[in-house]
Amino acid sequence: MAKKTNKKTSKKVVRKTVTKAGGAKKPRATTKTAPTAAGPAHILNEGMAAPAFRLSRDGGGSVSLKDFAGRNLVLYFYPRADTPGCTLEAADFTRLSPQFEALDTAILGVSADSQAALQSFRKKHDLDIILASDETLAMLKAYGVWGKKSFMGRTFDGILRTTVWIGPKGRVIRIWRNVKVAGHAEAVLAAIREAFS
């Protein structure tokens, strides 16, 4: 199988051999286009300025980092709406949202789900937190939460469950990576409460 690269279109042309009736073989050209990516993932560290973003949110409209200026923001990234772990995490942050509010802290959940899926998720589970969608993956990659995952022996790209605490001045105070859902919202609340005491 010979491969040629067409420089003008940046597409691979793969020559496949097709057997016709009568046994004669004739090469056939097919075109494969590489999937597009939203750019490289970045490494976010504590103390850095949080990358700016503007995302569509459940219920319509948009939400941006600037909307939370002067307040703490708990930005949690979850793989997919209405799955067991993501539902538990959203329910825990909702249950504790009055206590976060008492510490002048907003909560924003981000996934790559569609706006319609987020609205359905919020309504089904009576969630009281903001949910935002990054279908382009640009913000997810800027925060370094889009990467390789494995499940049941299969490797694929997806959202790495992560929580980022952004302070009132827009800087990253703390990052929780490889989050285990059970007790996580309580641990984030305890960390913020400790910082205020």
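Glu89 is buried, with a relative accessible area of 1%, in what is a predicted model. The side chain of Glu89 meets that of Arg161 in a salt bridge, at 2.7 Å from N to O. This pair links distant parts of the chain, since Glu89 belongs to helix H1 while Arg161 sits in the loop between strand E10 (154-159) and strand E11 (162-166), 72 residues apart. Arg161 has a relative accessible area of 16% and is therefore buried, the cut-off for that class being under 20%.

A salt bridge is also formed by the side chains of Glu186 and Arg95, again with 2.7 Å from N to O. Because Glu186 lies in helix H4 (residues 184-196) and Arg95 in helix H1, the pair ties together parts that are 91 residues apart in sequence. Here Glu186 counts as partly exposed at 31% relative accessibility, and Arg95 likewise counts as partly exposed at 46%. These two bridges are among the nine salt bridges that the structure holds.

In one of them, Tyr76 and Phe93 are stacked, with 4.7 Å from centre to centre and 25 degrees between the planes. Tyr76 is in strand E6 (residues 72-77) and Phe93 in helix H1 (residues 84-102), 17 residues apart, and the pair links distant parts of the chain. Both residues, Tyr76 and Phe93, are buried, and together with Tyr78, Phe100 and Phe121 they form one aromatic cluster.

Conventions. Residues numbered from 1 in each chain as written. Predicted model: local features only at pLDDT ≥ 70, side-chain atom pairs only at ≥ 80, totals over all residues. Heavy atoms only, no water. Phe/Tyr/Trp six-rings, centres within 6.5 Å; stacked < 30°, edge-to-face > 60°. Helix = DSSP H or I, 4+ residues; strand = E, 2+ residues; numbered from the N terminus. Buried < 20%, exposed > 50% of the residue type's maximum accessible area, 1.4 Å probe, protein only. Salt bridge = Lys/Arg side-chain N within 4 Å of Asp/Glu carboxyl O.
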